[in-house]
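Open the model in your viewer and keep the sequence panel beside it. The tour starts with the whole chain and then moves to one local element.

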Amino acid sequence: MKKILYIILSITLLLSTFSCSEDWLDVNVDPNNPTNTLASIDGRLAWIQHHFLYGQQVAGVRSSFITQQLTATSTGTRDGMAAGWNAGTAINTSPYQFFFVATAANFPDLENKAIAQEAWHYVGAVRAIRAMGFMLMTDWYGEMPYTEAVGESVTPKFDDGKTIFEGCLQDIDFAIENFKKAQGENAPSLKSGDSWNDGDVDKWLKMCYGLKARWLNNLSKKTSLYKPDEILSLISSAATSNAQSTVVNHLDLVSDNVGDVLFSDPLKTSIAFNSVGMNTNIRVTKWYTDLLTNFDNKGIEDPRADKLIPWAQFKHGEFVRSAGVDMQSDIRINKGPNGTSYNSKNESIESNGRTVPAHSWYVNVSDQQRWGDTIYVSLRGSSIGYHGDTDDQYKADDGNILGTGTFYSRVDGPTHLVCYHEMCFIKAEILFNKGDKAGAFAAYRDGVRAHMELMNDKLKTYNETENPSKTPMSEAAITNYINTAIGTAADITLGKIMTQKYIAMSFMQQKWNDMRRLDYSTTAYPDWKIPNEYFKNADAQTRIPLGKQYRRIRQVSHEINYNSANWLESHPHANDDDIWSYPVWWDIVE
């Protein structure tokens, strides 16, 4: 592993010399002479935050295909294979690269320098991110170098998931301890380098307690280790309002043209935009849209539906919302949903034996079965910085909007990293399992409202009146939905709690953790099913055999190629085709 880190470290150090003063990731140190001693701790922290966040959110996006929030127009692409449960190695690498290469490689120097300066809040920040990163690695891959990682060994040993999990808990406790210390007299303020919480130590502490609650709740299969009352105590110390949540805000700037060291993506934009919003081949699924339009089969639409489902303009500027792709149908086996085209000319055109009117949508194939695929709108948006556009909407030459993007996948969509609404849903799950339906319902209801209000915090900044994906939700709509759609304490179910949590955790890795520990249960996720196409794909069934489920990601080629002996020893089935179906440590019943 260290061989890989050394290859990239000089580039990482170049980035580490950039400062994050008022405008994060701007340059204020000579980039032509980067060294690990030159980089200041406040100039380095925001880069660590950026690269970790990129890795985590890439994992969140890719797991969104596995859990059927998203799908793709092709079954053979990286994302399309994941959506069809046809596990492929193209999905493997980015979370690993962004964590180990661009994030973890900086931990030792930053922590040592922070300790020397008595900058205890920076020690807390780096330990918190270290814990988050290694927890992501064990959530994603299961086993991973940990105790010998980012050290002297070129071929570090692998540790099992339990070792990594327990180490991450120790790291988060150490982070909490350091956040509670008073900074040294000459230490830089956390505010000067923190791009997540603007130096608010109380928010960092609440984030750490929230992370600990999230992780301990993932132990629900471990009878001897799962401690619901301890989790509830942690929740009381975590965010108890939206104002106390850790929300990472993103920007769409003309000047954002530095380019990320690994992907060359803009640096300040939403990672969901970089992964989803730049592309025209991604769609939402019917299961996801049904959650938003017909929750609990009541036929009552969620006010978030307009914000989380993409729109396009049809019929002379009329906005039309996307349909969801039915993953229980044969649509993708039959080459759908096909990519769509738009005739922006003032005259009709010919396409595969038919006439397409001016300023109208069409599918440019001869297969008439696919001509109706115009009902599916891509998640593509646009941007001022990356695309050189005038705003964030994807438009045709005639100005017609081809895609609005969605709340999280828009270029400046926020990342809800560790938030109050998640704590509410964890509390609701625990209280429901304890038999406290009244308490469970109150927490569940608070979670739904908190997520809507947190979304509104961003939506209100747009000052939009026409684009339905960017207008705020009215208080009347929110209240009506809560009073009529989500049920009552008398009929609260685990399925209601978990599916509302799923909506609130859109694009987040944690929703896959939840689905796995709950065994993809239809009790927890009503109407959810393995994609129909999986059952007709023999290749997919070699990697996830019939009767088994998508449980982990196969190890990356870097470890396989350069640390093969330790990799092969890390799991009895490390080199088997079906390693994807073997649960990670916390997903095994004990």
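**Whole chain**

Among contacts (heavy atoms within 4.5 Å) between residues at least 6 apart in sequence, 72% join residues at least 24 apart. This is a predicted model, in which local features need pLDDT of at least 70, side-chain atom pairs count only at pLDDT 80 or more, and totals for chains, interfaces and linings use all residues. Residues are numbered from 1 along each chain as its sequence is written, and side-chain values use heavy atoms, with hydrogens and water left out.

Show the C-alpha trace: its atoms fill a box of roughly 70 × 60 × 50 Å along the principal axes.

Colour by burial next: 61% of the 590 residues are buried, meaning under 20% relative accessible area with a 1.4 Å probe, protein chains only.

**Strands β8 and β9**

Select residues 311–314, strand β8, which pairs with β9 in the antiparallel sense over four bridges; pairing requires at least two DSSP bridges. The two strands form a hairpin with three residues between them. In that turn, K315 has a positive phi of about 50 degrees.

Now select β9, residues 318–321: F319 and R321 lie on its covered face, E318 and V320 on the uncovered one. Opposite F319 stands Q313.

Conventions:
Buried means under 20% relative accessible area, exposed over 50%, partly exposed in between (1.4 Å probe, protein chains only).
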